[in-house]
Protein chains: 2
Amino acid sequence: MADKKLSTEPYKGVRDFYPEQMFLQKYLFEKMRQTVEVFGYEEYGASILEPAELYRAKSGEEIVNEQTYTFLDRGEREVTLRPEMTPTLARMVAQKKRDLTFPLRWYSLPNLFRYERTQRGRLREHFQLNVDIFGGEAGESDLEILTVAYTLLKNLGAKDSDFRIIVNNRKIADRLFERIELNDEQKYKICKVIDKRNKISDGEFKDAVKTLLAEKADRFLEIVDSNKKLVEVLGEQSPEVKELTGLIDGLYANGIKNVKFSQNLMRGFDYYTGMVFEIFDTDPKNSRSLFGGGRFDELLKIFGVESAPAVGFGAGDVTLLDFLETHNLLPEYQSATELYICRLEAKFAKEINRLASNLRERGVNVAVDLTDRKTAEQIKTADKKRIPFVLCFGEDEAKNKKYKIKRLATGEEVEMGEKEIVNFLKRK
Amino acid sequence: MADKKLSTEPYKGVRDFYPEQMFLQKYLFEKMRQTVEVFGYEEYGASILEPAELYRAKSGEEIVNEQTYTFLDRGEREVTLRPEMTPTLARMVAQKKRDLTFPLRWYSLPNLFRYERTQRGRLREHFQLNVDIFGGEAGESDLEILTVAYTLLKNLGAKDSDFRIIVNNRKIADRLFERIELNDEQKYKICKVIDKRNKISDGEFKDAVKTLLAEKADRFLEIVDSNKKLVEVLGEQSPEVKELTGLIDGLYANGIKNVKFSQNLMRGFDYYTGMVFEIFDTDPKNSRSLFGGGRFDELLKIFGVESAPAVGFGAGDVTLLDFLETHNLLPEYQSATELYICRLEAKFAKEINRLASNLRERGVNVAVDLTDRKTAEQIKTADKKRIPFVLCFGEDEAKNKKYKIKRLATGEEVEMGEKEIVNFLKRK
């Protein structure tokens, strides 16, 4: 046993959830679950431990080596703390592909780990709602996924003006790259340049394109100069452009109008094959993306099973809580406990237990003070814990079986028998 | 990108939760939350990542090195995936000791990691309900903790004859060791021998005691021969014995009679200071302990803060689900989705979305089929997913706005307008 004093700090970049923070997490998770279940999604889960090879397949060596928690277990197996849920989801779907019933609507609320510098909105561990459809028709599924994301923000109290949905389609870029005949390496690298376009100056963007595409750079820059030009080149009736405009029309029909096309939205993961989107806070104080997702029709192939059309998104708890805070949408802390019984003397313990037990059986959340402190201190305890009602149990209560229920917020006090307490508290 | 086929198996010793397994986990967690919140407990949480030193302090080098997942992060910090929640709980309470309001009733539902051979009831990752009181009077708090544990099993549908509560008190052993004047090393080692007493033969037990205690062995064996003898030696009115009998009397007063004293129950962790208990399944097929806990009044000291009386327990999901299965108490899978809308033709997509959206706004969980398969196949999908009702939307429905709601279990079909659907489904 160590004699030195241990630190009470959590590990760097992760959070302790005291009841006040847990209350917010529970509020957020409940809204998430309600929203997605109303659309018919079923919850699944998995361990945070995954074989490292699961991420090597689609994320590349550097990401696994430099941005994840990866270690050797005692059996010399390389294990990674999952940095995202999609590979696990694909693994699970691939494993039971023959037994599962499609279309599949699944959601999960995993915690994810990234080894990175901590900053606002970025921690080493965060939770992320994951919502996915496998095996649905593409257009309708993309529309539903975006509608679910939008509905969640509305259910959290957001106004349309608080956030903006940005959509793109990987096929549009793919078709453009084909037109100007880029090779695979150029395609891969130009995607990363496009992804950064909004973060760098026009000059820097042009320089990067010229370095990469040489004699093809001018043609490329001419086309991507505006959305109008891009659509003109690909053709309004081309399947890629129609997929995009069809989606935006569908969103409008669902009453979702805070949506915008951006040819610069690429998303980091390599597995996307069609529609991609992100949702941003319109408040510049909280500029990180709140939701991100897209279509990944080919992912199951890495497990050697036939692929299935798939689309989904992730929404992280850290950025969403920042969003709710920025827009004043966080709920006020409330205790789940409804009544606190103060014990005027230790000798009433058994009678108090009996009363508490009867109330609990009828669904009232009751805490009993377990100390012999002065009554005023016991009441103060209830108040600090934000428990709305107290009952002080002493000689009179033991004798008359009448109890004064005091509402701490106002100080008002009503006397009643045991039977009335349940209705009284449930009405409040 | 790897070309070889990836395995779809999860990492060894951890579980995938498909919706059917997740349903059971959600059922269990909900019962746990309901039960403890009715007693006034508040939920807290923390990361699975903790500095390794947190466990070295009370669990010893070997446990950290051999039974936990411990690794160096890129900053050369030693990190452990938490093997139990109590050290984290103590860390959090110590950190905010001045701001927290006592008595504190906290619970959590953490996942815990142990690097060990997998077997029935023992996996490398499991979830565990943790329920603790800090700062309450000892006798009343011990009684409440045991009452909460008992109530949870009853709320899960167990009968008194399905499980047995075994209690002991570390102080009883401590007093005995004082009587026969054991030194610290002997005390520590004899605890481990007593802990194994029920698993070895009488002869083996006696031999182990003789090896360890030499000339004191006979006196020791004489005293621990029976509970009666032990109580006689310590004295019925000794504080240790009174604490134990007081607890058992309290449990009887609360209607809890499947409880038994065993002087052999020691519990593995070194931090226990008073009452300890475990709850066992009475069915020999599932002999592992379902709940375990006890009093740990000194634990906060390792953080250099003043200690506070504390008692709590843990109850693991793997053993509890085994218990429920053994006693036929697992609920049947039910989908959270109430209605499945089959789409007879793609052209009705917009109208179906409008209908689904209206129903969702009134709280009905509705999934829409997103394929152009035959109606019979779409209905089969709903049935396989255990969604109770289907609605087929085609030409007639689009024209007349009358919908046939079919209950899949019986085949019965009722026609109604949009407004009636909500009430119809909510009544069922």
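Me: How much of the interface of chain B is also interface in chain A?
Reply: This is a predicted model, where local features need pLDDT of at least 70, side-chain atom pairs count only at pLDDT 80 or more, and totals for chains, interfaces and linings use all residues. Residues are numbered from 1 along each chain as its sequence is written, while chains are lettered from A and ligands numbered from 1 in the order in which they are written. The copies meet through the same surface, because the share of chain B's interface residues that are also interface residues in chain A is 99%.

Me: Which residues touch the most other members of the largest nonpolar core?
Reply: This core has 204 residues, all buried Ala, Val, Leu, Ile, Met, Phe, Trp, Tyr or Cys joined through C-beta atoms within 7 Å. B:Ala149, for one, touches B:Ile279, B:Phe291, B:Phe313 and B:Ala315, leaving out residues up to four places away in sequence (touching means C-beta atoms, placed from the backbone, within 7 Å). The residues touching the most other members are A:Ala149, A:Ile341, B:Ala149 and B:Ile341.

Me: Are α7(A) and α8(A) roughly parallel or antiparallel to each other?
Reply: Helix α7 (residues 184-196) and helix α8 (residues 202-213) of chain A have axes 10 Å apart, at an angle of about 175°. Among the residues that meet are A:Ile190 and A:Val193 in α7(A), and A:Leu212 and A:Leu213 in α8(A). Over 145 degrees counts as roughly antiparallel (under 35 is roughly parallel, 65 to 115 roughly perpendicular, the rest oblique), so these two helices are roughly antiparallel.

Me: Where is A:Pro103 found?
Reply: A cis peptide bond joins A:Phe102 and A:Pro103, with omega about -5°. Most peptide bonds are trans. Helices (H or I, at least four residues) and strands (E, at least two) are DSSP runs numbered from the N terminus, and A:Pro103 is in the loop of chain A between α4 (86-95) and β6 (104-108).

Me: Does A:Glu76 count as buried or exposed?
Reply: A:Glu76 isn't a glycine, yet its phi is positive, near 65°. It lies in the loop between β4 (70-72) and β5 (78-81) of chain A. A residue is buried with 20 or more other C-beta atoms (placed from the backbone) within 10 Å of its own, exposed with 12 or fewer, and partly exposed in between. A:Glu76 has 6 C-beta neighbours inside 10 Å, so it counts as exposed.

Me: What about B:Asn328, buried or exposed?
Reply: B:Asn328 also isn't a glycine and has a positive phi, about 60°. Its place is the loop between α12 (317-326) and β14 (339-343) of chain B. With 7 C-beta neighbours inside 10 Å, B:Asn328 counts as exposed.

Me: Which residues is A:Val305 in contact with, neighbours within four places in sequence aside?
Reply: A:Val305 is in the loop between β12 (289-295) and β13 (310-316) of chain A, and its 16 C-beta neighbours inside 10 Å make it partly exposed. Its C-alpha is 6.4 Å from that of A:Ala94, although the two are 211 residues apart along the chain. Its contacts are A:Ala94, A:Lys97 and A:Leu300.

Definitions and conventions
Contact = placed C-beta atoms within 7 Å. Axes fitted to C-alpha atoms, helices over the stretch in contact; angles between N-to-C directions.
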